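Hi,

Here is the structure I said I would pass on.

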Amino acid sequence: MIKPGVNLGILGSGQLGRMFTQVATKWGYNVCCYSPQKNSPAGKVGAIEFVGEYTNQIQLEKFLNSIDALTFEFENIPLPALELIQKHVDSNVLVCRPSTNSIMYAQNRTKEKSFFREIELPTTKFFSLQSWDDYAKIQNEIDYPCVLKMNTFGYDGKGQTKFSSKEELEEELKILNPIDVIVESFVEFDKEISVIIAQFLDGNIIFYPPVENVHKNHILDTTIYPANIPQNISDLAIKYATKLIRSLNHVGVLCLEFFVEGDRLICNEFAPRPHNSGHFSLDGANISQFELQLRTLCDIPLNQELQLKPCVMKNLLGEDLLQKADNILNFIPDPNYRLHFYQKNTAKTGRKMGHINYIGGDISLKAFEDLL
Ligand code: AMP
């Protein structure tokens, strides 16, 4: 067990790093965060900030030398940074959970989806394109509409476009330089769900049953726990998430996102860390996903089932704060609405500024009708 008092590190210093820091400092750990940002959400709740670009190997080395164990708040980390981290792990001076291997799979859609195929998790038909020649070989096999996604460094729908014809797709491909994308079939899903799951060093697994997610403009808007899905779909989602976390040998928290289409379950992508769709666990569970991140990092077992209650999570974006600040504040007096603000310096359209968890029992989106 990694005991309280030591220095834990987190790569990234945004809202996920902040919520990890809040749990870890409460338990007596020191937290250091690394990101290009000063005065960050994690820094504001007590993480010691190491400020530098992810490509700045000298600054990164200083950070790694200051910590005993490392975890992550995001996966879009440049490869040289991951290699430096791995060097520290290989010399036995750093514990890193999850491994850099999990991060490498999650940050590259081709690797991620090929891995799904390899371990027989159902996923959308997709093609990886690195050149115009690659496209020429498979052009007649693409279904329309299709979705073009950047192979790396995409999030919240960024770097992602839907095309309804071959001509439109080709126009776009002509503009790309270099070509490093995947093209996948568009899924007419009924619902989107996700499973947050954690694996401990000894192989013990803990998960929250599936949640249901509603996206607006490709950004998560609301999450409902539990998802309104048949038991067999719920069981299957948990089975797939378990298979993934075991196959990756991933020690830590992981989120697997799915499309539900009729009675089919299609794996879309995974995050090798706590996820926005797990924020309900801060108020709808006795153990949050960030506590699970801390426990799996520090090898602190959990010898108990999770205790859960229905919860609806609503994200608060920059535009909500700019246009509806008073409506949001009206919720504070009611203890069924639990507010979480991330103390980001500037509210911008599409930026996640906070969220509200509703734990008043009626788990429908009506809980937020008056708000937004
Ligand atoms: P992603 O970046 O892959 O998580 O995509 C963000 C969101 O875009 C998903 O949660 C879906 O709402 C939508 N989306 C992504 N891929 C597809 C697809 N192949 N078919 C339909 N919708 C998609």
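Arg97 is buried (under 20% relative accessible area; exposed is over 50%, partly exposed in between, with a 1.4 Å probe and protein chains only), yet Arg97 has no salt bridge, and the nearest side chain of opposite charge, Asp299, is 5.5 Å away. A salt bridge here is a side-chain nitrogen of Lys or Arg within 4 Å of a carboxyl oxygen of Asp or Glu.

Before you go further: this is a predicted model, where local features need pLDDT of at least 70 and side-chain atom pairs count only at pLDDT 80 or more, while totals for chains, interfaces and linings use all residues. Residues are numbered from 1 along each chain as its sequence is written, and side-chain values use heavy atoms, with hydrogens and water left out.

Back to Arg97, which sits in the loop between strand E5 (95-96) and helix H4 (100-106). Helices (H or I, at least four residues) and strands (E, at least two) are DSSP runs, numbered from the N terminus. Not counting residues up to four places away in sequence, Arg97 touches Ile2, Leu70, Thr71, Leu201, Val251, Thr296, Leu297, Cys298 and Asp299; contact means heavy atoms within 4.5 Å.

Another cis peptide bond runs from Tyr225 to Pro226, with omega near -5°. Pro226 belongs to the loop between strand E12 (219-225) and helix H8 (231-247).

Positive phi turns up in asparagines too. Asn39 has phi near 60° although it is a residue other than glycine; you will find Asn39 in the loop between strand E2 (30-35) and strand E3 (48-51), partly exposed at a relative accessible area of 45%. Asn217, not a glycine either, has a positive phi of about 50°. Asn217 is in the loop between strand E11 (205-216) and E12, and counts as exposed because its relative accessibility is 70%.

**Salt bridges**

How many salt bridges does the rule give? The count comes to 13. One of them pairs Arg273 with Glu75, with the closest N and O atoms 2.6 Å apart. Arg273 lies in the loop between E14 and helix H9 (281-284) and Glu75 in the loop between strand E4 (69-72) and helix H3 (79-90), so this pair ties together parts that are 198 residues apart in sequence. Both Arg273 and Glu75 are buried.

Glu184 also forms a salt bridge, with Lys113, the closest N and O atoms being 2.8 Å apart. Since Glu184 is in strand E9 (residues 181-185) and Lys113 in helix H5 (residues 109-118), the pair ties together parts 71 residues apart in sequence. Glu184 is buried at 4% relative accessible area, and Lys113 is buried at 0%.

Then there is Asp283 with Arg338, where the closest N and O atoms are 4.0 Å apart. This pair links distant parts of the chain, with Asp283 in helix H9 and Arg338 in strand E16, 55 residues apart. Asp283 counts as buried at 16% relative accessibility, whereas Arg338 is partly exposed at 35%. Salt bridges that share partners also join Lys113, Lys149 and Glu184 into one network.

**Cysteines**

A disulfide is a pair of cysteine sulfur atoms within 2.5 Å, and by this rule the count comes to zero. Cys32 is buried at 3% relative accessible area, and Cys33 is buried at 1%.

**Phe270**

Phe270 is in strand E14 (residues 264-271) and is buried, with a relative accessible area of 3%. Leaving aside neighbours within four places in sequence, Phe270 has contacts including Tyr105, Phe116, Leu244, Leu248 and Cys255.

Cheers

Definitions and conventions:
Lys, Arg positive; Asp, Glu negative; His and termini not counted.
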